[in-house]
Amino acid sequence: MNFVFQSSPWWILLCLLVGGFYAFLLYQPKANWSKVANGSLAVLRFIVVSGLCLLLLNLLLRQTEVRVEKKTVVLALDNSASVGKQGQGLISGLKSFQEALENKGYAVEVQTLRATPVSSLDSVRFTQKSTDLSGLLTNVKTSLEGRNVTDVVLLSDGIVNQGVSPTFQSFTFPIHSLAVGDTTPKRDVNLKTITANQIAYLGNQFPIQADILADGYAGRTATVVLRRGGQTLAQQTVQFPKERALATVNFTTQALAKGLQHLVVEVVPLPGEHTTQNNRKDVYVEVIDGRQRILLVASAPHPDIKAIRSIIEKNDNFEFDFQIVNPSTPPQPSDKKYDLLIFHQQPDAFSSSGAYLKRLMDQGTPVFWIVASQTGTNPLNNAQQVAQIQAQAGQLDKVTAFYNRNFTRLNLNAEQMELLRKLPPLSVPFGEVRPLANSEVVLFQKKNTIETSKPLLILNSGPKRGAMLLGEGLWEWRLEEYRLTEKQEVVDELVTKLIQFLSSKDDKRKLRVYPTQNQFQLEDRVAFETEIYNELYERIYGPEVTLTITDEKGQARKYTYTSSASRFEISNLPVGVYRYAATAKVLGKDETASGEFVIRDEQLELANTTADFNLLRQLSQQSNGKFYTASQLQTLEQNLLSRDLPDKLTSTEDLREPINLRWIFFILLTLLALEWGFRKYLGSY
């Protein structure tokens, strides 16, 4: 540390003179106590006064801190199951390697596929069910950023089954690959991938596709079986024409029961397989009962209706019905209940279909109003609570659209919505539009180059949801978007999200218990969230919840917990489909919640058991490292120890004003207290 003067150092002499003069005046030789006591008090006062004067000079205290960062080698261990015994057998050699580096002055850090730090090499277990080498090396880069990392030693077999390939990334340190494993393909039949829909509708048929990879079984055949609950649903025979062959099998089965369905695809083992654990995969399909029903009622055929239908039918979860209703075409009676109504040019100026529309709306179904040239504004104003329109019949205007960036309810991408500015104008009623309570503007009208505050698309999120599009020409939007981008995404996403919001049902349950995700891995803890509400739907805490979990065999497990902590976790559940039911007494009433979840065991490490040394060679070459096999560990050690690398020195400089340092204040305060106490002890004030 040293001082930096912002003024002439001669001012220090003046400060000392002031301190000395002050002490001389205060403590004259004619004091009532001894000369030693008098001199001691004078020295204390001299130090305090001189110190205060020096602080007024606004000196700067410069502090320089030098740190020595030891050269560091990172042992990055692929502790996956595919490395297994070979990796475990190298632990003793790695411990000797670590000790030799530390004796040479290196710091050695150990990193594995797990995010948690490793205390020692003895604690490493090669049991991870997936391998993400990119994630491992990225974690090394971020966790040791700023450290003096000279080398990274990567112990791996080069098999990557999660994340991206590490060769697609760049690293600031050399990576020396220490390769283990067998690069010779093993005689094996591997059920590589299963492709199936996650959702199927009750009563419908759905496909399942299985890809089987065989090594060493040229000219042989295998049997592939599809099972549900131990019952064989179908089986097929596949042939492998060459030593390494990929065969595809397609099954079709029917969704017979509502809920999560557990199916199993299995390849009957062939003689001499390296492992049979990769011959089977579980398939989980959620079977739902019915789709969201949407009814579009129009006064006459229109291209916009075709555009809306195309958008809706892209989503398998929607069922679309269509009716033309006008004085010459009476409505067709139906006993269906709909989740959303779309009224195109309805009601008309004479409200000729008013009674039918009212009967549909009396069911409390949300309505999406599309205002066009035949729409009657007066009956429309009386029928809905989205917006009020003041316009003359037959008077239309041409406007384009621009997105309201303050609107966030539908989570639309504001940058993508900018495309709407380039789309053709819509025909809108010429007049004033006033959104009503709980209504938000999604799109505004743009007249030529002027951005107005007139709404074009309005969404009402109140107790009775609704929306209104004040214009026709949606079909031209879709055509123009395809011409500009060769896609139909922006307009379709806008309409789809609007329909999803309007057709979704509010959850009015007082008790809500649900798993944090629908599918868990075998080693995961199954976490449940609990929410309890009063009559005003305000969150309350404390009621006791009983949770019953039932597996596919009907075996039930019962748990009890309080809702004070919203999360409840369960561990050690076997693989399978589980149904849960939760009960609680809320404000004197019994409330229930139920659902399903899945426990999976994905054996990614068994999908490929052939080591990939080429990937490790490429990774080392790209990072200026070297490639070694497990038998060359001693060579790697000698190469690293033969270098004479320096430690890294870093220095930081800090300038502070002494007047802001607390310890100086307390020193001066202590000196004044000592002087005062000493004077009082000697009988003076």
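**View 1. Residue classes in the lining of the largest cavity.** In this predicted model, the lining of the largest cavity is made up of 11 nonpolar residues, with no polar and no charged residues among them. The lining residues are I308, F368, I370, L443, L457, L469, L474, W477, L494, V495 and L498. The elements that contribute two or more residues to this lining are β18 (367-371), α10 (474-485) and α11 (490-503), and of the elements it is α11 that gives the most, with 3 residues.

View 2. Rolling a probe the size of a water molecule over the atoms shows where empty space is left. When the whole structure is searched, 1 cavity of 30 Å³ or more is found, and the largest cavity holds about 90 Å³ of space. Residues that line the largest cavity include F368, W477 and V495.

**View 3. Q6 in the loop between β1 and α1.** Q6 lies in the loop that runs between β1 (2-4) and α1 (10-26). Because its relative accessibility is 49%, Q6 counts as partly exposed, a class that falls between buried, under 20%, and exposed, over 50%. Leaving aside residues up to four places away in sequence, Q6 touches N58 and L60.

**View 4. Q6 and E99 as a pair.** Along the chain, Q6 and E99 are 93 residues apart, and their C-alpha atoms are separated by 52 Å. The Q6 end of this pair is found in the loop between β1 (2-4) and α1 (10-26), where Q6 has contacts with N58 and L60 when residues up to four places away in sequence are not counted.

How values were computed
Residues numbered from 1 in each chain as written. Predicted model: local features only at pLDDT ≥ 70, side-chain atom pairs only at ≥ 80, totals over all residues. Heavy atoms only, no water. Helix = DSSP H or I, 4+ residues; strand = E, 2+ residues; numbered from the N terminus. Buried < 20%, exposed > 50% of the residue type's maximum accessible area, 1.4 Å probe, protein only. Contact = heavy atoms within 4.5 Å. 1 Å grid on protein atoms, 1.4 Å probe; cavity = no way out; pocket = protein on both sides within 12 Å on 5 of 7 lines; lining within 4 Å. Points joined across faces, edges and corners; volume = space filled by probe spheres on them. Nonpolar A, V, L, I, M, F, W, Y, C, P; charged D, E, K, R; others polar.
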